[in-house]
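Notebook open, model loaded. I'll jot down what I look up as I go.

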Amino acid sequence: MSIERIDHPLQGERVVALSPGDATLAATDWLRRPNLFAGRALTAPTLQGRQRWQAGRIAQRGQALTAGVVRGLEVFFVSEPGETASEARLLIEPGQGLALSGEDVVLARRAECRLLDLPVVAPPAWLVAQAPGEAGEEEATDLGIVHPRSVPVDRTLADLRESAGSRLPPVGVLVLQPITLERSDADPDDPCDRCPCGEGTEIGVDSVEDWRTADGAHLLWYPWPVEWRALPATTLRLRNALAHTVFDAEAALPHGQALPWEAWGLPIALVGLDDGFVPRWVDRASVVRQGGRAREERLQLLPGAAAASRLAANSRLPALWQARIEQFAQQIADLGEPLPAPEVLADPFLRLPPCGLMPKSALDLSTVLEQPTLSSPFFPPGFELDAVPVPVEQLDLALREAAPLAAFDLSAPERLRLLVPVTQASWEPRLLHRETVAPEFQQTVDAFVLRRSRELGGRQGLRRESALLHRALTGRAQAVPEPFDDALALEPESLAPWGPPPAGGGHVSALRAGAHRHFFDGATQTFAASAAELLFAWVCLDPDNPPASLMLEWRDASGWEHRAYWGEDLLPAGRPRSGAHPFRVAAHYHVGPLPEPGRWVRLEVASSLVGLAGRALNGMAFNLFDGRAAFGASGARSGATERAWFGHVLPVGARTDGDEPWESLSHNDLWAPFEPNDGIVPTHATDVPAGGGHVEAAAPGVHQHYLEGASATLGGLTATDNLFVWVYLDTNEPPRELMIQWKVGSDWNAHGRRAYWGENLIGWGASGTPSRLRVGGLPALGRWLRLEVPASALNAVGQTINGIAFTLFDGCAAFGACGRIAQATPGAVGVRAETVWFAGTPPAGATQVPAFQWLGGLDMIEPTPAARVGQSIEVAELLADPALAPLSERERAQLPLRGLEGFMAYLRARADRADDITDFGFTHMQVDMHRVRQMMMSTADASRLAISPALAAIAKSDSAITVQSLI
């Protein structure tokens, strides 16, 4: 009997019949299982009945789950620009689904087919060509009733296109129809399987054939039922309009009814075609539903007259609501990356799902906190937008509650709310509202942020000092993380607004009350700023002891009458008298207030305002009233380009003076300029070569950088010339060997000239020849030194050099200018002139391998990582201690290489070896003395001598010196 419940029976309505009527009729239906028992003959009808019963039970169980695609079954079309419909192909990925009947639909492997070869589900009228002017019945009715359809044998989409003509819509649904078919393993190409020799005998051919019933899937093209729902008139928005046509029709379906194409199988895609029947788009979510899930019924308002409308349960609704969200996301994704502008992005849409994921380009989130109401070109002007925060844990609940609502209509005014996911810990109702911050609160926050960034800078300085001291003590390098790299940080760390500090090192004043000053003058390395440049000095005021006034003074040939000050007018130097002339302003020019304490700030003043445009400077003074300040590099600036005059190393010839000492700070000291720096002192690079240079970073083993093929070559070498290179060895990671190679011609090996200092560890060339010539030990660390090699010693006289290599074994070094210089003449006085080949830029036409790390003028003062930190006081003092003078050059070089611990172990091993050699010599001498006695005397005399006082003294002696004195 029917399983449909009669909720509202008519008056007098009663059951009048059963179907099937009796047990005999029921026995022919799949609901009745064959009674199998031992000894029963298993006839073909019995086995077929058993199979029908089993298939029916499986299908009935499947109806307890939601119909739709369980996994896979994605559809793609393959067509190239300019292809015709006959060339368009469809690709269907493997997958599994559940038809509305409850039958499984399985595609085990990828399927590919030509679009026009698809079987069709068509009304019979479409199979007959339409006469001119004749109207089809699907065009004459608009009742929402689908006309009967069938799958004509051997008729494809190409055939239907010819017969139906304009009646065939350019939209269709791809349906996988579950079917059963008879299959056999007989090979049609095997002559034995086709042999009719058994015909007419008791054993016929069909008695050995193995036919089996198998499940399969049939791909069908279901043309859009225009008699059920007319195609929308729009072309641009056809995909979106059709999708919501399906959604609206499905939402109105009562329980137990289906969409037209679902009666034929499992829908897997809605496909739109262009005028040439080439696929334009494939839309899955409009017809595909999530299948294989437990049915979850939701209340539905059934359509009809108001009096008859009622609520009923419908299990299709959850999958429908999910499909609306997925359809929008899929259509957005098909637009490709990058997405178009918001106003263009909205063109393909007529309606939107009530909830879903908006593309990030559709709304400028930066305006959320700026405006009380939001706007976006994606939505029409009639839309009212707002945004609220929602905890991530409650986002699913919010979408679940909004999913059943009606879709947004972009042609009518709507109200839309943007949900901004946030963590539960940071959520609060007014999170997206801009609050009015009290000035005192903001000032306090800014002060704490500045203090934190300053402390982070100080931590970075300590990290580098710790690594340097660790290397000086143990000889092992220690990695230094970046300032913002802290695994324990609770939030992203930044050095803003404090720093980082300027490059080049600097100096710091003393902490005193009242006016105090430190300065230098008499520099022979002068500095001039043009009228278009700004004189600058980097400064950081002590946040705990800020000064009340700061003044900078510059000295030229006429004196100190060039001053600029910031803060209060408490320093009287150069102060205009009453009725003074305007030219006196340059001697006491007020720039503005003091900068914020605790930050590195570049103080600037136009050179013309202090009367220094084009004037040569030879001195500079730093004046404070109260407090303390640290200073970085000073010089001149034009635009973004700085020209530094000095940092922590003063210009050549400068004499320091003042009522407080000139205390230098290395670049690393500028991270925390007011903290004590015990154990490390800045490296003062003297005799810095002009023109810049380059650096080779630290690495283990052999490493180098070189250039070759220069068109601007180094030639004209004579027997009285030396080849030279300026070199600076890192004090923390010095190399064990330094090698310079000069290239002549096209081959480094055949025409290479090599000179090295230090250990013989790089095995290129023949030792002791111009291809590998040892010049001496490693030069002093932490100093710029000019290394020279006679051109004659390298067989380079008269040669033209077009390449040079800077090679190290371990460690780090910087290099300055290189070229040729005349050899020193005995008794000659004066500085020898250098012929520089190149310094801070490569010679013309040269190829760099790898790219050089070039150094500017100020970088040459601190050219290596250790130079920017400083050097250990203990190591520096020990290297200069006269107690190490007896050691060889190689032995002294072990101190920076091995560290203090390794150096002590090295000396202890050397001393133990010396003791062992002395003891061995003493013993050997005793044996030799005894043999001499036996040779010169008889054995008896030798024995008597063995008990003599002299021999006893020898036996008691502790050293070879005692033995020598007694012989």
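Helices (H or I, at least four residues) and strands (E, at least two) are DSSP runs here, numbered from the N terminus.

Ground rules before I go on. This is a predicted model, where local features need pLDDT of at least 70 and side-chain atom pairs count only at pLDDT 80 or more, while totals for chains, interfaces and linings use all residues. Residues are numbered from 1 along each chain as its sequence is written, and side-chain values use heavy atoms, with hydrogens and water left out.

**Helix 4**

I looked up what is buried (under 20% relative accessible area; exposed is over 50%, partly exposed in between; 1.4 Å probe, protein chains only). In helix 4, residues 157-164, the buried ones are Leu 157, Leu 160, Ser 163 and Ala 164. Down the helix axis they fall within an arc of 125°, so they line one face of the helix; the arc is taken from the directions from the axis to the C-beta atoms. I see them pack against strand 8 (211-223), with contact meaning heavy atoms within 4.5 Å.

**Aromatic pairs**

My rule: rings of Phe, Tyr and Trp (its six-membered ring) pair if their centres lie within 6.5 Å; planes under 30 degrees apart are stacked, over 60 edge-to-face, the rest tilted. The count comes to 27 aromatic pairs. I checked Tyr 222 and Trp 261: centres 6.2 Å apart and planes at 75°, so the pair is edge-to-face. Tyr 222 sits in strand 8 and Trp 261 in the loop between helix 5 (238-251) and strand 9 (266-273), so the pair ties together parts 39 residues apart in sequence. Tyr 222 is buried at 2% relative accessibility, and Trp 261 is buried at 0%.

Next I took Phe 838 and Trp 854, with centres 6.5 Å apart and planes at 80°, so this pair is edge-to-face. Phe 838 belongs to strand 41 (residues 834-838) and Trp 854 to strand 43 (residues 853-855), so parts 16 residues apart in sequence are tied together. Phe 838 is buried at 4%, whereas Trp 854 is partly exposed at 28%.

I also noted a cluster linked by ring pairs: Phe 520, Phe 527, Phe 622, Phe 631, Trp 645, Phe 646 and Trp 662.

Is Val 437 buried or partly exposed? I get 41% relative accessibility, so Val 437 counts as partly exposed. Val 437 lies in the loop between strand 16 (415-422) and helix 9 (439-474).
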